[in-house]
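The following note sets out several points for a colleague who is examining this model. The sequence and structure are shown first, and the comments follow.

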Amino acid sequence: MTSNIKYMSGVKGLKDIDVDGQRVLIRVDFNVPVDSHNNISDDRRIRLALPTINYCIDHNAKSIVLVTHFGRPKGSFNEKYSLVHIKKRLERLLERKVEFIKDLESSKDIVCASSSQEIFLLENIRFHEGEKQNDKGLSKKLASLCDLYVNDAFGTSHRKHASTHGITEFVDTKVAGFLMMREIEAFSKALEDPVRPIALVIGGAKISSKITLLEAVLQKVDKLIIGGAMSNTFLKAQGYDMQKSLYEEDFVSTAANVLQEAKKFGVKVYLPVDVVITDSIEKPINVRVVPAQDILEGFMAVDIGPATLKLFTQAVELSNTIIWNGPMGIYEIDNFSKGTFKLASAIADCYAYTIVGGGDTADAVDKCGESDNFSFISTGGGASLELLEGKILPGFKNLNRVVE
Ligand code: ADP
Ligand code: MG
């Protein structure tokens, strides 16, 4: 059986089709981080979509409609999640005017009316309830805007939504963009015939969505290194009193199961032996390092401790492929950022193939100035973990294949 990665790298790319004179719709992922004033704090995701957009411009596409989601609006208009700011940044990066389409209902008339090449940005697609429901009506409407569909939204490709999946039912020519291809190539290097040992470093706070993947991942990796709030759930499963730490009670038994299964598959598991604790995240005055078994009453574990950092560093140093998803602590706060930042440097220094996935992990790596020292920084968190799990991502499933 061919692997999921091989299947996905077999899809057609932009270079396999002719875009000249065609109306193109590109699903991009402009879900960028913003600060409290709605200023874009990192436009990497927009910049990484430029090769695909520019290719369509240079190859005389008749019109280019860009579709993305941004934030988590609940299926209706919400000013906070409007793409107005994103349009401005996009115009600056492209050095071209971009027409903003606020209303999907009138979008077909607007797009069809264009005589010379125009670039359009459609308002946040998650303002429509049908997007997440993979609704047929919405998929058809989007399909009516194009002759060609290009999916370049790797970060969203594990979602079966109208603009990432449903639309493919109603368009004949559908291909992957350059970013999608780059991502698959990078993961293919790590997962298809990887240089072993292969280590997965997992952390962060999205415990429920990540922990269920770990069972499947055990068949692929040699080492599982667990930190962050994720490890709190595992330490709880070991019987430790986690006090006020963030962990998920409902997944303690899943954690116990992962530990059991790891033994079965011969996967080495590394858990924190010491942790940084505090009784207040907002006012970090009482901050201590204690063994993971000795969390004080009313305190919470917010970072890995120095002994754990040493342990994890040695474990990654003895690996040849390292995939990292999820920070080791609350890295946004100085007092609790050491574990994440120091581990980032340790991984960056390894003579290994190193991949980072996950929005916050990529942000942490960037903040400590190590971005250039990793082999690849993925734009997908959930998507990259589902790749690891062995799934064919819905965003790739219905695209045309080089060999049908
Ligand atoms: P990613 O975006 O890289 O996939 P997640 O979204 O899963 O990562 O998790 C990132 C968040 O996890 C960060 O905001 C960080 O503050 C939080 N976090 C990490 N460790 C802890 C912890 N021990 N307690 C509470 N929050 C934590
Ligand atoms: Mg995150």
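1. Is Asp-147 buried, partly exposed or exposed? Asp-147 has a relative accessible area of 30%, and it therefore counts as partly exposed. As with every value in this note, the figure is computed from a predicted model.

2. Asp-147 forms a salt bridge with Arg-23, with an N to O distance of 3.6 Å. The two partners come from distant parts of the chain, 124 residues apart: Asp-147 sits in the loop between helix H7 (136–143) and E5, whereas Arg-23 belongs to strand E1 (residues 23–27). Arg-23 has a relative accessibility of 15% and so counts as buried, while Asp-147 is partly exposed.

3. The structure holds 14 salt bridges in total. Another of these pairs Lys-141 with Glu-105 at 3.0 Å, N to O. Because Lys-141 lies in helix H7 and Glu-105 in the loop between strand E3 (99–101) and helix H5 (107–113), this pair ties together parts that are 36 residues apart in sequence. Lys-141 is partly exposed, at 36% relative accessibility, and Glu-105 is exposed, with a relative accessible area of 54%.

4. Salt bridges with shared partners join Asp-43, Arg-47 and Arg-89 into one network. Arg-47 counts as partly exposed at 40% relative accessibility, and Asp-43 is buried, with a relative accessible area of 12%.

5. How many disulfides does the model contain? The count comes to 0. A disulfide is a covalent bond between the sulfur atoms of two cysteines. For Cys-56, the closest cysteine sulfur is that of Cys-146, and because the two sulfurs are 11 Å apart, they are too far from each other for a bond. Cys-56 is buried, with a relative accessible area of 0%. Cys-368 is likewise in no disulfide, since its nearest cysteine sulfur, in Cys-350, is 14 Å away. At 23% relative accessibility, Cys-368 counts as partly exposed.

6. Where is His-158 placed, and what surrounds it? His-158 lies in the loop between strand E5 (148–151) and strand E6 (173–176). Leaving aside residues up to four places away in sequence, His-158 touches Gly-382, Ala-383, Glu-386, Leu-393 and Pro-394. Although it is placed in a loop, His-158 counts as buried because its relative accessibility is 12%.

7. Ligand 1 has 20 residues around it, and those that come nearest are Ala-205, Lys-210, Glu-332, Asp-360 and Thr-361. Three elements each supply at least two residues of the shell: helix H10 (228–237), strand E12 (300–304) and helix H14 (359–367).

8. Polar atoms of the protein approach ligand 1 from both backbone and side chain. A polar backbone atom of Ala-301 is 3.1 Å from a nitrogen atom of the ligand, and a polar backbone atom of Gly-359 is 3.4 Å from an oxygen atom of the ligand. In the side chain of Asp-360, an N or O atom is 2.9 Å from a ligand oxygen atom. Of the 580 Å² of accessible area that ligand 1 has on its own, the protein covers 89%.

Key
Residues are numbered from 1 along each chain as its sequence is written. Chains are lettered from A and ligands numbered from 1 in the order in which they are written. This is a predicted model: local features need pLDDT of at least 70, side-chain atom pairs count only at pLDDT 80 or more; totals for chains, interfaces and linings use all residues. Side-chain values use heavy atoms; hydrogens and water are left out. Helices (H or I, at least four residues) and strands (E, at least two) are DSSP runs, numbered from the N terminus. Buried means under 20% relative accessible area, exposed over 50%, partly exposed in between (1.4 Å probe, protein chains only). Contact means heavy atoms within 4.5 Å. A disulfide is a pair of cysteine sulfur atoms within 2.5 Å. A salt bridge is a side-chain nitrogen of Lys or Arg within 4 Å of a carboxyl oxygen of Asp or Glu. A residue is near a molecule or strand if one of its heavy atoms lies within 4 Å of it. A polar contact is a pair of N or O atoms within 3.5 Å; within protein, one must be able to donate a hydrogen and the other to accept it, and residues adjacent in sequence count only if both atoms are side-chain atoms. Accessible areas come from the Shrake-Rupley method with a 1.4 Å probe; for residues, only the protein chains shown count as cover.
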